[in-house]
Amino acid sequence: MTAAEVSVALRQAVRRLATGVAVVTVWHGDVVHGTTVSSVAAVSREPLLIGVSLREGSDLMEVIMQARCFAVNVLSTRQSALAGWFADPGRPRGVAQFDHLEWEPDAFSGAPWIGGSLASLGCYLTTAVPVGDHKLLLGEVVTARTGEGAPLLHFTGRLHDGMLRILPREATHPTRPAHPSVRTATAAALNRS
Ligand SMILES: Cc1cc2nc3c(=O)[nH]c(=O)nc-3n(C[C@H](O)[C@H](O)[C@H](O)COP(=O)(O)O)c2cc1C
C-alpha cells in the first residue's frame, strides 16, 4: 500500500462511525449563527457534558469562544434539509439564516432552539481544547427540551434516516463470520511502501 492508499483506507474506516446530526447555534451581541455538525457526543453524565468538534477557523467557533455558551439542536429525519442549509457556506449571515424556520431563543444561551428538533440543549462552554485541525468544545447542559421522531444519521459521508428497530440484547458468544472481508491498513504499511 502506498502512503496515499493507507490514508484513504484509514479515513474510510473512520467514516463508518455512524453519528447523529445537529445544528449548533449561538447568539452573542448582535451576531447570530448556526452550523451543521455531526461531531456532537455525550461525554459525561455528572456533570452533564456534551462535546462538539469544530474546524479551526469556523465562524461558529469564533462566536462561541466569545459568547461562552451555545445551543445544540438534534435533528430528526424530517429536518434533513436543515443539515444541508446550515452547512452551506453561501447561506446568509446573521438572523436571516433562520428565516422561514420556527425557532425561539434558549432561555439560558439566547441561541436559537429550532422547532421540530428531537432535542434542543442550552450549554455553558466549560472547555475548549485544540485537537489537530479542530477544536473540541465541551459544554455543560443547562437547559433542554425534547421532541418526537427518529434521528437523522450521518454515515459514510451521507445522511440516513434512523430506523429505530430495537435489537435483542443477546449475551451469547459471538460467532466468527464465515467470510470475513477484512482489509488491514496500518501506519506500519507506510514504512513498506
Ligand atoms: C452532515 C455534516 C456534518 C458536519 N459536521 C461538522 C463538524 O462536526 N464540525 C465542523 O467543524 N464542521 C462540520 N460540518 C461542516 C460545516 O457544517 C460547514 O463547514 C459550515 O459551512 C461551517 O460553517 P461556519 O464556518 O459558518 O461555522 C458538517 C457538515 C455536514 C453536512
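Biologist: Why is β3 called largely enclosed by the rest of the structure?

Modeller: Well, five of the seven residues of β3 are buried, so the strand counts as largely enclosed. Keep in mind that this is a predicted model.

Biologist: Which strand is β3 joined to, and by how many bridges?

Modeller: β2 is joined to β3 by seven bridges, and the two strands run antiparallel. Two bridges are already enough for strands to pair, so β2 and β3 qualify.

Biologist: What sits between β2 and β3 in their hairpin?

Modeller: Two residues, and in this hairpin Gly29 takes a positive phi near 60 degrees.

Biologist: What makes Thr77 partly exposed rather than buried?

Modeller: Thr77 has 17 other C-beta atoms within 10 Å. Buried needs 20 or more, and exposed needs 12 or fewer, so with its 17 Thr77 lands in between and is called partly exposed.

Biologist: Where is Thr77, and what does it touch?

Modeller: Thr77 is in the loop between β6 and α3. Skipping residues up to four places away in sequence, Thr77 touches Gly149, Ala150, Leu152, Asp161 and Gly162. Thr77 also lies 9.4 Å from Ser117, C-alpha to C-alpha, though the two are 40 residues apart in sequence.

Biologist: How do you know that the buried residues of α2 line one face of the helix?

Modeller: The buried ones in α2 (59–67) are Leu60, Met61, Val63 and Ile64. Look down the axis of α2 and these buried residues fall within an arc of 165 degrees, so they line one face. As for the background, an α-helix has 3.6 residues a turn, so residues three or four places apart point the same way.

Biologist: What do the buried residues of α2 pack against?

Modeller: Their partners are β2, β3, β5, β6, β9 and β10. Just after α2, Arg68 takes a positive phi of about 65 degrees.

Biologist: Which residues touch the most other members of the largest nonpolar core?

Modeller: Ala22, Val24, Phe70, Val72 and Leu75, out of 32 residues in that core. Among the elements giving two or more residues to this core are β2, β3, β5 and α2. Take Val24: beyond its neighbours within four places in sequence, Val24 is in contact with Gly34, Thr35, Val37, Val52, Leu60, Phe70 and Val72.

Biologist: Which residues come nearest the ligand?

Modeller: Of the 16 residues around the ligand, those are Val37, Ser39, Asp59, Leu60 and Ala87. β3, β5 and α2 each give two or more residues to this shell. The shell divides into seven nonpolar, seven polar and two charged residues.

Conventions: Residues are numbered from 1 along each chain as its sequence is written. This is a predicted model: local features need pLDDT of at least 70, side-chain atom pairs count only at pLDDT 80 or more; totals for chains, interfaces and linings use all residues. Helices (H or I, at least four residues) and strands (E, at least two) are DSSP runs, numbered from the N terminus. The arc is that of the directions from the helix axis to the C-beta atoms. Two residues are in contact if their C-beta atoms, placed from the backbone, lie within 7 Å. A residue is near a molecule or strand if its C-beta atom, placed from the backbone, lies within 6 Å of it. Ala, Val, Leu, Ile, Met, Phe, Trp, Tyr, Cys and Pro count as nonpolar, Asp, Glu, Lys and Arg as charged, and the others, Gly among them, as polar. A nonpolar core is a set of buried Ala, Val, Leu, Ile, Met, Phe, Trp, Tyr and Cys residues joined through C-beta atoms within 7 Å.
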